[in-house]
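I wanted to look up how the parts of one protein chain meet. My notes follow in the order I made them.

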Amino acid sequence: MPYEIKSLNEECGLFGVWNYQDASQLTFFGLHALQHRGQEGAGIVANNNGQLKQHRGLGLVTEVFKHQATLADLAGQAAIGHVRYATAGSASVNNVQPFCFNFQNGGVALAHNGNLTNATTLRQTLENNGAIFSSDSDSEILMHLIQRSTATTFIDRLKEALNTVKGGFAYLLMTSDAMICALDPNGFRPLSVGQMANGAYVVASETCAFEVVGAKYLFDVQPGEIIIINNDGIQRTQYTDETNLTICSMEYIYFARPDSTIAGVNVHTARKRSGQILAREANIDADIVIGVPNSSLSAASGYAEASGLPYEMGLIKNQYVARSFIQPTQALREQAVRMKLSAVRGVVAGKRVVMVDDSIVRGTTSRRIVNMLKEAGATEVHVAIASPALKYPCFFGIDIQDRTELIAATHSVEEIREMIGADSLTYLSQDGLVEAIGHNNLCLSYFDGVYNTPLYDYEADYLASLEKEVAHD
């Protein structure tokens, strides 16, 4: 197995501020709050009286900006920042954002969260027409489209470009005189606007960043909307009216921090409700409930509350273990898991344990944790998953683009139970998930294979893979 931890990775986190004295410092704090959204690279572009200056690098926010002089060098009253998760083969500083572009009429910085489903076609067309790319990221495409537009104003060129790109995207741009953000017509990725006590405006992928920097939440950016922030205040405009709000359900299940609020729903509350509903659906006879740190703790507490079973700290995560990279041997991979996670023998020994987790991707992590709990003396381990089974790939900004990566795509619940060594395995129903979140403006394609927008460049390969599976069956 190639990974020692499950591979569910969100592409990026965005943060920006306009009209704040120490803009880059505030952006550093905002990015630190969004570190969970991307841990491979970070960058900040500061705007100092219309001049854009950039610093970016590989690593965590605290590693990229470990020297105070680096932030001090990014002077200015406005800044945008980005944290990135790098997909396989592209962990290069050239792909770390924000990107900076210098044109005759001024500089533009660009940061992007998501994935364009027509990027291959657009890039090929642009390259055939003389465009030169400095990275293999699809984020550069928007800027090439903007520059090739014949519209009069930057905003009109941006609108034309946004109507050309397809897929899931949240963009944050900085020009010499404005900070601009835009969301795709489905609003797959969250993006919100807040305000500091001194009147400065901030933009962030998650509202948890507002709490960290001391900003007040104002509103969510809506699907198909452009927000223009400058010294005159905020202007809101639509680049398309063909919108259909379908928020990525995995934001509520796994990606977002529990203290964030998305579309008016607190993430912790949604996860706790999912645990309560899971307990109702599973009805497992056990002694204690434990959660897999950290994203499953809210669901585990809800499960315990609804089932009447004690909620115990049966697994401990070592908060001080550095990021773990691919290990060369099975023994080292197993050791890496034990360094990250430990079973509490005094809690689980002699007990029938309900282990609540948020999802199962490949099953390798679940198998190792079940084995760890049984080695620590648990007499039974019942795995309860606070989401439906992941059976279909995502094409809008999450690192699952192949059904072969998903154990539930090719195995039954009973087969998975046997593979991970659990005494029982229960998934939350899709109706239960919708009930827990509290609204149905959700992308649930991971579970039912229903995509709310065309897949464009991915369509042929995806349909071919499904046909191959049917033929094999």
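Before counting, I set down the rule: a polar contact is a pair of N or O atoms within 3.5 Å, where, within protein, one must be able to donate a hydrogen and the other to accept it. I also note that this is a predicted model.

Entry: domains. I found the chain divided into domain 1 (13–245) and domain 2 (264–468). Their centres, taken over C-alpha atoms, are 32 Å apart.

Entry: polar contacts. I applied the rule across the interface of domain 1 and domain 2 and got seven residue pairs in polar contact, both residues at pLDDT 80 or more. On the side of domain 1 that touches domain 2, I listed β6 (106–116), α4 (119–128) and β7 (167–174), each of which supplies at least two residues. Sorted by class, that side of domain 1 has six nonpolar, 13 polar and five charged residues. I then looked for salt bridges between the two domains and counted zero.

Entry: contact and area. I counted 24 residues of domain 1 in contact with 19 residues of domain 2. The area buried between the domains is about 1500 Å², and carbon and sulfur atoms give 49% of it. Asn 115, Thr 117 and Phe 188 supply 36% of what domain 1 buries against domain 2, more than any other three residues.

Entry: aromatic pairs. I searched the whole structure and found 13 aromatic pairs. One of them is Phe 188 with Phe 396, a stacked pair at 4.3 Å centre to centre with 10° between the planes. I placed Phe 188 in the loop between β8 (179–183) and β9 (192–195). Phe 396 is in the loop between β21 (380–385) and α14 (407–410), so the pair links parts of the chain 208 residues apart.

Notes: Residues are numbered from 1 along each chain as its sequence is written. This is a predicted model: local features need pLDDT of at least 70, side-chain atom pairs count only at pLDDT 80 or more; totals for chains, interfaces and linings use all residues. Side-chain values use heavy atoms; hydrogens and water are left out. Domain bounds come from an automatic or database domain assignment. Contact means heavy atoms within 4.5 Å. Buried area is the accessible area (1.4 Å probe) that two parts lose on being put together, summed over both. A salt bridge is a side-chain nitrogen of Lys or Arg within 4 Å of a carboxyl oxygen of Asp or Glu. A polar contact is a pair of N or O atoms within 3.5 Å; within protein, one must be able to donate a hydrogen and the other to accept it, and residues adjacent in sequence count only if both atoms are side-chain atoms. Helices (H or I, at least four residues) and strands (E, at least two) are DSSP runs, numbered from the N terminus. Ala, Val, Leu, Ile, Met, Phe, Trp, Tyr, Cys and Pro count as nonpolar, Asp, Glu, Lys and Arg as charged, and the others, Gly among them, as polar. Rings of Phe, Tyr and Trp (its six-membered ring) pair if their centres lie within 6.5 Å; planes under 30 degrees apart count as stacked, over 60 as edge-to-face and the rest as tilted.
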